[in-house]
Amino acid sequence: MDPNTPPLPRINLPASLEHRRIPALPPAAYYIADFVSEEEERAILQKVETAPKARWRQLTHRRLQTWPSDLVKSTLLDSQPLPDWLSQPAITRILSIPLSDSEPHIFASSPHGQPNHVLINEYPPSAGIMPHKDGSAYHPTVCTVSLGSSLCLNLYKSKEDGALDPEPVWRILQEPRSLLITTGELYDEYLHGIDSIPADVNLSEQSIANWGLLRSPSRYKDGRNERQIRISLTYRDVLKVSKLGSKLGAFFKRP
Ligand SMILES: O=C(O)CCC(=O)C(=O)O
């Protein structure tokens with residue numbers, strides 16, 4: 001860490017992830033409602049919004065930034081590290097939380113011991129993402145920091161014949177400034193997606209898997225969440241990293 005980096009604001013993190021496990025879900029998923037402060041949220045959003053235009057890829061309904069670079073044949077070209085504003089506070093904080101009283105952090109068994117890649121998705125209020133799996137390029141752990149607005153992430157299971165069952169098996173409500181970690185069976189066997197709708201409805205203790213871990217469940221007592229623009233930062237460890245990347249860096253360098 002840069003010695004000039006100011007100390008992180010105090011955030012009350014759990015003593016271990018086990019304290020924030022989402023009990024309704026198969027092993028394992030964790031939800032920390034207050035993972036970044038409001039001030040940190042503003043600072044990260046400002047960095048996202050002021051990134052050079054060439055950083056954004058416009059998709060049909062949302063925009064995407066990829067840091068430090070796109071994968072080439074499922075490989076990260078090791079040309080640039082993640083910028084400081086993506087490491088601090090998120091990665092430092094993720095690595096500071098033990099998995100349980102006796103186990104180290106959630107990336108302790110991943111090839112690089114920490115995330116090396118971040119996707120930033122910007123969702124306008126009615127935008128979502130089709131159900132999908134993240135695939136084999138990554139260690140099967142995803143840490144999602146949500147900023148700006150709440151929405152529901154749906155988890156789906158394939159039917160016996162391989163077709164997608166269109167009804168989600170579970171819904172997870174992600175509040176702004178929260179961290180969601182999905183791993184293991186949830187990563188490998190279930191698909192995840194976000195409905196393209198302006199408001200999430202039928203929100204209740206019965207329908208939302210992480211209801212008991214929400215910061216403000218009373219905010220959704222009418223069962224609705226009107227969406228605003230939401231930014232998500234998804235942190236992963238790419239399994240294959242090519243040293244060739246540093247030599248080819250000049251060709252693949254992004255602004
Ligand atoms: O924005 C999110 O929470 C989900 C993003 C996602 O599905 C992905 O990056 O694969």
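Tutor: Let us begin with a definition: a residue is buried when its relative accessible area is under 20%, exposed when that area is over 50%, and partly exposed in between. Please keep in mind that this is a predicted model.

Student: Is Asn-202 buried or exposed?

Tutor: Asn-202 has a relative accessibility of 59%, and therefore counts as exposed. Asn-202 sits in the loop between strand 12 (199–200) and strand 13 (225–226). The backbone there deserves attention too, as Asn-202 has a positive phi of about 55° although it is not a glycine.

Student: Which value does phi take in Lys-73, and where does Lys-73 lie?

Tutor: The phi of Lys-73 is near 50°, again a positive value in a residue other than glycine. Lys-73 belongs to the loop between strand 3 and strand 4, and counts as exposed because its relative accessibility is 77%.

Student: How should I read a residue that falls between the two limits, such as Leu-59?

Tutor: Leu-59 has a relative accessible area of 26%, so it is partly exposed. Leu-59 is placed in the loop between strand 2 (57–58) and strand 3 (63–67). Sequence distance and spatial distance can also be read for a pair of residues: Leu-59 and Tyr-190 are separated by 131 residues in sequence and by 24 Å in space, C-alpha to C-alpha.

Student: Which peptide bonds are cis?

Tutor: One of them joins Pro-27 and Ala-28, with omega about -5°; Ala-28 lies in the segment before strand 1. Another runs from Trp-67 to Pro-68, with omega near -5°. Pro-68 is in the loop between strand 3 and strand 4 (75–77).

Student: Let us turn to the interior. What is the general idea behind a nonpolar core?

Tutor: In soluble globular proteins, nonpolar side chains tend to be buried together. Here the largest nonpolar core has 31 residues, of which Phe-35, Leu-86, Ile-120, Leu-233 and Tyr-235 touch the most other members. Among the elements that give two or more residues to this core are helix 1 (38–49), helix 2 (84–96), strand 5 (117–123), strand 7 (141–147) and strand 14 (230–236). Helix 2 gives the most, with 5 residues.

Student: Which residues does Leu-233 contact, apart from its neighbours within four places in sequence?

Tutor: Leu-233 is in contact with Ile-44, Leu-86, Val-118, Leu-119, Ile-120, Cys-143, Thr-144, Val-145 and Leu-147.

Student: Which residues are closest to the ligand?

Tutor: The ligand is surrounded by 14 residues, the closest being Tyr-123, His-132, Asp-134, Arg-230 and Ser-232. A polar side-chain atom of His-132 lies 2.8 Å from an oxygen atom of the ligand, and a polar side-chain atom of Ser-232 lies 2.7 Å from a ligand oxygen atom. For Arg-230, a side-chain N or O atom is 3.0 Å from an oxygen atom of the ligand.

Student: What feature does UniProt place at residues 114–239?

Tutor: The UniProt record, an unreviewed entry, gives "domain: Fe2OG dioxygenase" for residues 114–239. In the model this span is 5% helix and 39% strand, and its end C-alpha atoms lie 11 Å apart.

Methods. Residues are numbered from 1 along each chain as its sequence is written. This is a predicted model: local features need pLDDT of at least 70, side-chain atom pairs count only at pLDDT 80 or more; totals for chains, interfaces and linings use all residues. Side-chain values use heavy atoms; hydrogens and water are left out. A nonpolar core is a set of buried Ala, Val, Leu, Ile, Met, Phe, Trp, Tyr and Cys residues joined through side-chain atoms within 4.5 Å. Buried means under 20% relative accessible area, exposed over 50%, partly exposed in between (1.4 Å probe, protein chains only). Helices (H or I, at least four residues) and strands (E, at least two) are DSSP runs, numbered from the N terminus. Contact means heavy atoms within 4.5 Å. UniProt positions are given in the numbering used here, feature names are shortened, and annotations may be inferred rather than shown by experiment. A residue is near a molecule or strand if one of its heavy atoms lies within 4 Å of it. A polar contact is a pair of N or O atoms within 3.5 Å; within protein, one must be able to donate a hydrogen and the other to accept it, and residues adjacent in sequence count only if both atoms are side-chain atoms.
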